[in-house]
Amino acid sequence: MPTGKMSSTGAVWKGIIDKYRDLLPVTEKTPVITLNEGNTPFIRSRNLKKKIGLDIELYFKFDGANPTGSFKDRGMTLALSKAMEEGAKAVICASTGNTSASAAAYAARAGIRAIVLIPEGKIALGKLAQALVHGAHVLQVEGNFDEALSIVKALVRKYSITLVNSINPYRLEGQKSAAFEICDQLGCAPGYHALPVGNAGNITACWKGYKTYRDNKRTSSLPVMLGFQAAGAAPIVLGRPVEKPETVATAIRIGNPASWKGAVAARDESGGRIDAVTDDEILNAYKLIASAEGIFCEPASAASLAGVIKLYKENYFRPGTAVVCTLTGNGLKDPDTVFKVSEEPLKVKADVSAVEKAIEGVI
Ligand code: F0G
């Protein structure tokens with residue numbers, strides 16, 4: 001007989017604050033604003049070895065399976081929970097799309113307003129749709145992400161609204177949970193962890209997460225951190241801000257990352273690399289993950305695999321060592337890109353023989 005009561009020790013997943021409470025800056029007084037984010041699929045590559053000769057132990061951490069379709073939810077649950085604890089009435093962010101979608105959803109969940117600034121015409125349609133449907137106050141800025149973020153920073157100095165970009169330290173604290181989960185799912189820390197780099201918060205957070213797990217004796221080693229920027233938006237690789245960043249991967253179209261120093265520290269302390277991949281390499285990896293592995297991620301996410309393929313060609317990886325690629329966002333957010341890289345479906349008459357003819361050679 002169902003009792004209607006749920007055990008707090010049961011197997012029900014209640015989000016990353018519930019799961020990793022002892023490692024996060026929350027107390028019993030913190031109201032937990034959650035959409036049960038985290039616990040995302042950790043998927044071993046099955047077909048890339050045969051398909052492109054990528055002979056490594058490769059895994060995908062599919063963070064596009066989070067409630068709003070990106071890794072941002074890991075940080076947003078903590079940012080909104082702490083904001084509510086501190087009595088916030090509204091939150092604000094600049095975004096290339098995913099942060100705004102997540103902020104809008106978690107603010108709706110918390111029952112407060114979200115104000116989001118996005119670069120006009122440069123975010124995937126699904127992300128804009130999310131911010132709108134969750135009831136955010138959406139402003140399309142006639143400028144890029146870096147300009148929008150400067151405006152947001154100026155506004156929070158003047159008004160009492162909580163900033164929920166990744167310069168809010170709670171965002172990074174929550175995003176550390178991706179590293180915790182990878183270690184839990186793999187049974188140890190991986191040898192290498194590759195991520196796309198935009199505002200550089202996620203690579204910073206994951207590196208901190210691995211160190212936290214090691215310091216708490218839950219793992220005994222640390223991975224080498226690998227970050228990949230789009231070639232047209234690669235300030236860390238170039239060593240200087242890029243004034244007019246351009247890339248098909250709009251999520252990482254950022255010229256002056258807020259967590260620049262954190263990304264460089266992750267690279268240097270782990271003995272890793274931050275490198276650039278071209279739009280062609282990104283789109284190629286994007287199609288490969290979808291067509292050869294059955295995982296639909298957004299273009300920016302594929303920068304991680306594009307980078308791993310690039311380094312593999314340089315004989316970079318130690319054999320027999322696990323390589324993890326974070327797939328940061330869900331492909332459904334950005335269907336437009338699919339139509340740029342795929343052929344239009346054939347049109348056929350509505351009869352059996354027409355369809356038979358059209359599938360000749362396929363079966
Ligand atoms: N992948 C996706 C899908 C993203 O949305 C972002 C960042 C990144 C990678 C890069 O992560 O900034 O931590 O280095 N998106 C932010 C946004 C900037 O506004 O949604 P990062």
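Colleague: In which helix is Thr 204 placed, and is this residue buried or exposed?

Modeller: Helices (H or I, at least four residues) and strands (E, at least two residues) are DSSP runs that are numbered from the N terminus, and Thr 204 sits in helix H9, which covers residues 201–215. With a relative accessible area of 8%, Thr 204 is buried, because that word means under 20% relative accessible area, while exposed means over 50% and partly exposed lies in between (1.4 Å probe, protein chains only). Please keep in mind that this is a predicted model, in which local features need pLDDT of at least 70 and side-chain atom pairs count only at pLDDT 80 or more, whereas totals for chains, interfaces and linings use all residues. Residues are numbered from 1 along each chain as its sequence is written, and side-chain values use heavy atoms, with hydrogens and water left out.

Colleague: Which residues is Thr 204 in contact with, leaving aside its neighbours within four places in sequence?

Modeller: Contact means heavy atoms within 4.5 Å, and by that rule Thr 204 meets Leu 172, Ser 259, Gly 262 and Ala 263.

Colleague: Thr 247 is another threonine that I would like to read in this way; where does Thr 247 lie, and what does it touch?

Modeller: Thr 247 belongs to the loop between helix H10 (235–238) and helix H11 (260–270), and with a relative accessible area of 7% this residue is buried. Apart from residues up to four places away in sequence, Thr 247 touches Ala 230, Ala 233, Ile 252, Arg 253, Asp 279 and Ile 282. The C-alpha atom of Thr 247 is separated by 9.9 Å from that of Pro 299, although the two residues are 52 residues apart along the chain.

Colleague: Which residues touch the most other members of the largest nonpolar core?

Modeller: A nonpolar core is a set of buried Ala, Val, Leu, Ile, Met, Phe, Trp, Tyr and Cys residues joined through side-chain atoms within 4.5 Å. The largest one here has 39 residues, and Leu 48, Leu 58, Phe 60, Leu 226, Leu 305 and Phe 317 touch the most other members. Among the elements that give two or more residues to this core are strand E2 (57–62), helix H12 (279–293), helix H13 (303–313) and strand E10 (322–327), and H12 gives the most, with seven residues. A second, separate core of 30 residues includes Ile 16, Leu 195, Ala 200 and Tyr 210.

Colleague: How many residues of E2 are buried, and how many of H13?

Modeller: Five of the six residues of E2 are buried, so that this strand counts as mostly covered, and H13 is mostly covered as well, with eight of its eleven residues buried. Leu 305, Val 308 and Ile 309 are among the buried residues of H13, and just after this helix Asn 315 takes a positive phi of about 60°.

Colleague: In which sense do E2 and E10 pair?

Modeller: Two strands pair if DSSP finds at least two bridges between them, and E2 and E10 pair in the parallel sense over six bridges, with Phe 62 having Leu 327 in E10 as its bridge partner. Strand E1 (residues 42–44) and E2, by contrast, run antiparallel and are joined by three bridges, and Phe 42 stands opposite Lys 61 in E2.

Colleague: In what order do the four strands of the open sheet stand?

Modeller: The order is E5-E4-E3-E6, with parallel pairing, and the edge strands, each pairing on one side only, are strand E5 (137–141) and strand E6 (162–163). Two bridges join strand E3 (residues 90–94) to E6, where Ile 92 stands opposite Leu 163.
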